[in-house]
Amino acid sequence: MSQPDEGSSTASPPTWALRRATEELYDVEDPEVIAQRAREIAREGREREDERHDEYDDPDQGGEA
């Protein structure tokens, strides 16, 4: 099953990311700009989480050294 396009404007960002984007962009009133930033924040969070998992990979099993 394919993932929805993360960059699409139809994908609804998580509530925590919307909250953080709203705080960052406190002077922006355009909800689409805030939603776009929230999607970026959510993507960055997923990437950071993936890197954290890679940190514990066993090099003998093909993971990071």
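1. In this note, contact means that heavy atoms lie within 4.5 Å. The structure under review is a predicted model, in which local features need pLDDT of at least 70 and side-chain atom pairs count only at pLDDT 80 or more, while totals for chains, interfaces and linings use all residues. Residues are numbered from 1 along each chain as its sequence is written, and side-chain values use heavy atoms, with hydrogens and water left out.

2. On confidence, the mean pLDDT of the protein (the predictor's confidence in each residue, from 0 to 100) is 78, and 63% of the residues reach 70 or more. Residues 1-7 have a pLDDT below 50, and this stretch has four contacts in the model beyond near neighbours in sequence.

3. The secondary structure comes to two helices and zero strands, where helices (H or I, at least four residues) and strands (E, at least two) are DSSP runs, numbered from the N terminus. Among contacts with a separation of 6 or more, 36% are between residues 24 or more positions apart.

4. Of the 65 residues in the protein, 18% are buried; here buried means under 20% relative accessible area, exposed means over 50%, and partly exposed covers the range in between (1.4 Å probe, protein chains only). The accessible surface comes to about 5400 Å², and 46% of that surface belongs to carbon and sulfur atoms. These areas come from the Shrake-Rupley method with a 1.4 Å probe, and for residues only the protein chains shown count as cover.

5. The largest nonpolar core has six residues, namely Ala17, Ala21, Ile34, Ala38, Ile41 and Ala42. Such a core is a set of buried Ala, Val, Leu, Ile, Met, Phe, Trp, Tyr and Cys residues joined through side-chain atoms within 4.5 Å. As general background, nonpolar side chains tend to be buried together in soluble globular proteins.

6. Ala38 lies in helix 2 and counts as buried, at 0% relative accessibility. Leaving aside neighbours within four places in sequence, Ala38 is in contact with Pro13, Ala17, Leu18 and Ala21; for one of these partners, Pro13, the separation is 25 residues in sequence and 5.9 Å in space, C-alpha to C-alpha. Ala42, when residues up to four places away in sequence are not counted, touches Pro14, Trp16 and Ala17.

7. The structure holds five salt bridges, each defined as a side-chain nitrogen of Lys or Arg within 4 Å of a carboxyl oxygen of Asp or Glu. A network of these salt bridges links Arg20, Glu24, Arg37, Glu40 and Glu44. In general, side chains of opposite charge can pair when their charged atoms come close.

8. Within helix 1, the side chains of Glu24 and Arg20 meet in a salt bridge at 3.6 Å, N to O; because they are four residues apart in helix 1, about one helical turn separates Glu24 and Arg20. Glu24 is partly exposed, with a relative accessible area of 35%, and Arg20 is also partly exposed, with a relative accessible area of 34%.

9. Glu24 also takes part in a salt bridge with Arg37, whose side chain meets that of Glu24 at 2.8 Å, N to O. Arg37 lies in helix 2 and Glu24 in helix 1, so this pair ties together parts that are 13 residues apart in sequence. The two side chains are likewise joined by a polar contact of 2.8 Å, a term for a pair of N or O atoms within 3.5 Å, where within protein one must be able to donate a hydrogen and the other to accept it, and residues adjacent in sequence count only if both atoms are side-chain atoms.

10. Arg37 is itself buried, with a relative accessible area of 18%. Apart from neighbours within four places in sequence, Arg37 is in contact with Ala21, Glu24, Leu25 and Glu44. With Glu44, the side chain of Arg37 forms a salt bridge at 3.7 Å, N to O, and Glu44 counts as partly exposed at 30% relative accessibility.

11. Lastly, Asp30 lies in the loop between helix 1 and helix 2 and counts as partly exposed, at 38% relative accessibility. The side chain of Asp30 reaches the backbone nitrogen of Glu32 at 3.0 Å.
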